[in-house]
Amino acid sequence: MTESTEQKEIRVRDKEEVKKEEGELTRSGVYYSPTVDILESGDAITLFADIPGVDKGDLDIDVEDKKLTLTGLVKNRDKRFKAVYSEYGVGGYCRTFRLGDTIDQSKISASLKDGVLTLVLPKADRLKPRKIEINA
Amino acid sequence: MMMRRGYNFGSLWDEMARMNKEMNRFFGHTESVSRTGVFPPVNVYDDGESFVVTAEIPGIDPEALEIEATQDSLTIKGERNPKVGEEGESFHRKEREYGTFSRSLNLRQPVDPDKIRAEYNQGVLEVRLPKAAEAIPRKVPVSA
């Protein structure tokens, strides 16, 4: 893969609102589907989700029967603030993923920094590539 | 953008919104994900004493953000870098956008550039621009 030396300008994408029928949302309000990057390595699958504006305490990661659901709430702005101009919507985030058999659900870990959620989904031991020692 | 004197502040944002709508109409609302627009999308609020400009820019180093302000403009520059895949890693999905960004906003109502403050929390950049003293409406007491 060749490396490009020119600086790539970032593109804007509109936030995608979650359709009401899809999610199981206990709170009313607008929810957006967070954009994610999903990486696979030998040991684990790592998921990065953009959820700006979500406090750790307002983030819910629910794993149930091979379904992983992320729900994040975003606090509403102070009512004193009058919205003068608006290019993006403010709302919570919600997205569901289906986990394959490869994941060891008991070892899933999560961290949240600067609006990015990092979820590490370790692969079940039996599925990690193993080097087989050859005895002479 | 046409500069007109004596334009009240509300109209500036209306004009930007109008231009934005026209641009969207011109380029057509397509199914594709990216639209014409400058990153980051911003929201502007008014709390009486200041304008507050917010932008969602998750996962950047705030030290690398460049924010410049004059009495009538605000510029936000920076870069979002991808997490580089290591040896043996492959992407299942790559939805997040990366790259450089540079955005300027013209402010028609004057602000005090020395008092501008910026905060970056949970991936949201918030720039507070206190209005210049003469721009704040004053209550005039009426003596009986």
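Visitor: Why is B:Tyr45 called buried?
Guide: In this predicted model, B:Tyr45 has a relative accessible area of 10%, and the word buried stands for values under 20%, with exposed over 50% and partly exposed in between (1.4 Å probe, protein chains only); B:Tyr45 therefore counts as buried. Residues are numbered from 1 along each chain as its sequence is written, chains are lettered from A and ligands numbered from 1 in the order in which they are written, and side-chain values use heavy atoms, with hydrogens and water left out.

Visitor: How many aromatic pairs does the structure hold, and what makes the pair of A:Phe81 and B:Tyr45 tilted?
Guide: There are two aromatic pairs over all chains. The rings of A:Phe81 and B:Tyr45 have centres 6.3 Å apart and planes at 55°; rings of Phe, Tyr and Trp (its six-membered ring) pair if their centres lie within 6.5 Å, and planes under 30 degrees apart count as stacked, over 60 as edge-to-face and the rest as tilted, so this pair is tilted. The pair crosses between chains, with A:Phe81 in the loop between β7 (67–74) and β8 (82–86) of chain A and B:Tyr45 in strand β2 (residues 42–46) of chain B; strands, numbered from the N terminus, are DSSP runs of E with at least two residues, and helices are runs of H or I with at least four. A:Phe81 is buried as well, at a relative accessible area of 11%.

Visitor: Why is the pair of B:Phe39 and B:Phe101 called edge-to-face?
Guide: Their ring centres are 5.1 Å apart and their planes stand at 65°, so the pair is edge-to-face. It links distant parts of the chain, 62 residues apart, from B:Phe39 in the loop between β1 (34–35) and β2 of chain B to B:Phe101 in strand β7 (residues 99–106) of chain B. B:Phe39 and B:Phe101 are both buried.

Visitor: How do you know that the charged end of A:Lys15 sits over the ring of A:Tyr32?
Guide: A charge sits over a ring if NZ of Lys or CZ of Arg is within 6 Å of the ring centre and within 35 degrees of the ring normal, and the charged end of A:Lys15 is 4.5 Å from the centre of the A:Tyr32 ring. The charged end of B:Lys94 likewise sits over a ring, that of B:Phe91, 5.4 Å from its centre.

Visitor: What makes B:Arg80 and A:Asp50 a salt bridge?
Guide: A salt bridge is a side-chain nitrogen of Lys or Arg within 4 Å of a carboxyl oxygen of Asp or Glu, and here the N to O distance is 3.0 Å. B:Arg80 lies in strand β5 (residues 73–80) of chain B and A:Asp50 in strand β5 (residues 44–50) of chain A, so the pair joins two chains. B:Arg80 is buried at a relative accessible area of 5%, and A:Asp50 is buried at 7%.

Visitor: Which residues are linked with these two in a network of salt bridges?
Guide: The network links A:Asp37, A:Asp50, B:Arg80 and B:Arg96. A:Asp37 forms a salt bridge with B:Arg96, with the closest N and O atoms 3.2 Å apart, and both residues are buried. Over all chains, 18 salt bridges are found.

Methods: This is a predicted model: local features need pLDDT of at least 70, side-chain atom pairs count only at pLDDT 80 or more; totals for chains, interfaces and linings use all residues.
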